[in-house]
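This report describes a protein model with its ligands. Please look at the sequence and structure below before reading on.

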Amino acid sequence: MAETIINAQKKINKMNSKKEIISPLPPLYARWTDELLGGPIPKETEADCSNCVRITQDNTLPLPDNTCFHPKIKCCTYYPSLPNFLVGRILKDTDMPALPVLHARIDNGFEVTPLAVKSTPVHNFLYNKIVDLGSGGFGRAELLRCPYYIIDKGLCGIWKHRYSICSTWFCKHLRGQTSRDFWLSLRDLFSDGIEKSVSLWCFSQLNPDVKALEYSLNTSTLPNLSALELDMRVDPIQQKKLWGNWFGKEKEFFIQCGELVEELTWNDIRKIGGILIESHERVVKNYYAKLFDYTLPDRLKLNVHKIVEVKSGYYVLYTYSHYDPIELPIPVFESLRYFDGRPVPEIMKQIKEEKDISFDDSLLQLFVDFKLLVPL
Ligand code: SF4
Ligand code: SF4
């Protein structure tokens, strides 16, 4: 029991440690969020991507359970759609190991628009079939590994310029759902706000051709995959309409987009994105404040959870995420049944009298962050 309480204390201490507060975001996004938040973002030290916590030790298949990932994939069963300005930054950064992959994508032209180098419809179709944890495909199917992943190094080949979804996803969080809420809000700010608005802004700065704009804005997709989509072939007539006066100069276009965003401040981003960015910004700031707030609710009750394993003297529980289970000594877990929405001090007194167990605030905070206990 002591061990789990000590671990809980360690997690809370990590959030408070100045040493751990280094932005985990890529440089451009880190600069904008520093200006937006006025303070640093706590690093998710539980999900160390350079020493992935999810991969199996023996590198053999089949993998032991659906939350273990293949060592040659990690969580990169994904195909990002890179906005034009990030494409430009990658093209200019000769240190990026996946640069040849991006060059090949642009040379091929398939799903390469003035707004983005997109994922492929086939990958999207297959990805939608495996996102459910039960399929066992996420993090394990080599067919769906991201093309920008460098297999022999086990690393992202565009790490310094990765986009919203890749920058904000972590398999484990220091403060459970409290941290995840923040990262999801930041993901939405970047993906729905910044990446859409800023890529359009770059486009408008460089391309006055209204027909090309019309074709770029048309995101309607057919319900079924066409032969062109399955084979990743480009229709040259459509491609000319899509690129207008930049046809044949696509890489130059992307590089100029990358240069355009170089000097943009957060205030510039606000002006470009207007009410959309402002709205996301309010949500992000709200969740950012919660990352540093350790106020416990007055009343708590036990939330839905799933016991997935019984070890000697411990339960392993899924609470807010299947990827981030918590281990609890059986007596501690059983005393949580007392939490029925009454005031917390009253419940703590009863647990002390009947079970002779006391929780300190940091352990209660951990239960709240991991949604094992929720406010009434
Ligand atoms: S976020 Fe991905 S790469 Fe990082 S530790 Fe988790 S599974 Fe591994
Ligand atoms: S871009 Fe990088 S982080 Fe994102 S899925 Fe690909 S390899 Fe992984």
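## Ligand 1

The shell around ligand 1 holds eight nonpolar, no polar and three charged residues. Here Ala, Val, Leu, Ile, Met, Phe, Trp, Tyr, Cys and Pro count as nonpolar, Asp, Glu, Lys and Arg as charged, and the others, Gly among them, as polar. Cys-49, Cys-52, Cys-75 and Cys-171 are among the residues surrounding ligand 1, as are Asp-48, Arg-54 and Lys-74. A residue is near a molecule if its C-beta atom, placed from the backbone, lies within 6 Å of it.

This is a predicted model: local features need pLDDT of at least 70, side-chain atom pairs count only at pLDDT 80 or more, and totals for chains, interfaces and linings use all residues. Residues are numbered from 1 along each chain as its sequence is written, while chains are lettered from A and ligands numbered from 1 in the order in which they are written.

## Lys-74

Lys-74 lies in the loop between H2 and strand S1 (82–83); helices (H or I, at least four residues) and strands (E, at least two) are DSSP runs, numbered from the N terminus. Its phi is positive, near 55 degrees, although Lys-74 is not a glycine. Most residues other than glycine have a negative phi. Lys-74 counts as buried because it has 21 C-beta neighbours inside 10 Å; the cut-off for buried is 20 or more other C-beta atoms within 10 Å, with C-beta atoms placed from the backbone.

## Ligand 2

The shell around ligand 2 consists of nine nonpolar, no polar and one charged residues. Arg-162 is one of the residues around this ligand, which also include Cys-76, Cys-146, Cys-156 and Cys-166. Tyr-78, Tyr-148 and Tyr-149 are also among them.

## Helix H2

Tyr-29, Trp-32, Thr-33 and Leu-36 are buried in helix H2 (residues 27–37). Seen down the axis of H2, these buried residues fall within an arc of 95 degrees, so they line one face of the helix; the arc is that of the directions from the helix axis to the C-beta atoms. They pack against helix H6 (164–168), helix H7 (176–206) and helix H12 (266–291), where contact means C-beta atoms, placed from the backbone, within 7 Å. Gly-38, with a positive phi near 70 degrees, follows H2.

## The sheet

An open sheet is formed by three strands in the order S9-S5-S10, with antiparallel pairing; strands pair if DSSP finds at least two bridges between them. Strand S9 (340–343) and strand S10 (373–375) are the edge strands, each pairing on one side only. Strand S5 (residues 299–302) and S10 are joined by three bridges, and Lys-301 has Val-374 as its bridge partner in S10.

Methods. Buried ≥ 20, exposed ≤ 12 C-beta atoms within 10 Å, placed from the backbone. Contact = placed C-beta atoms within 7 Å.
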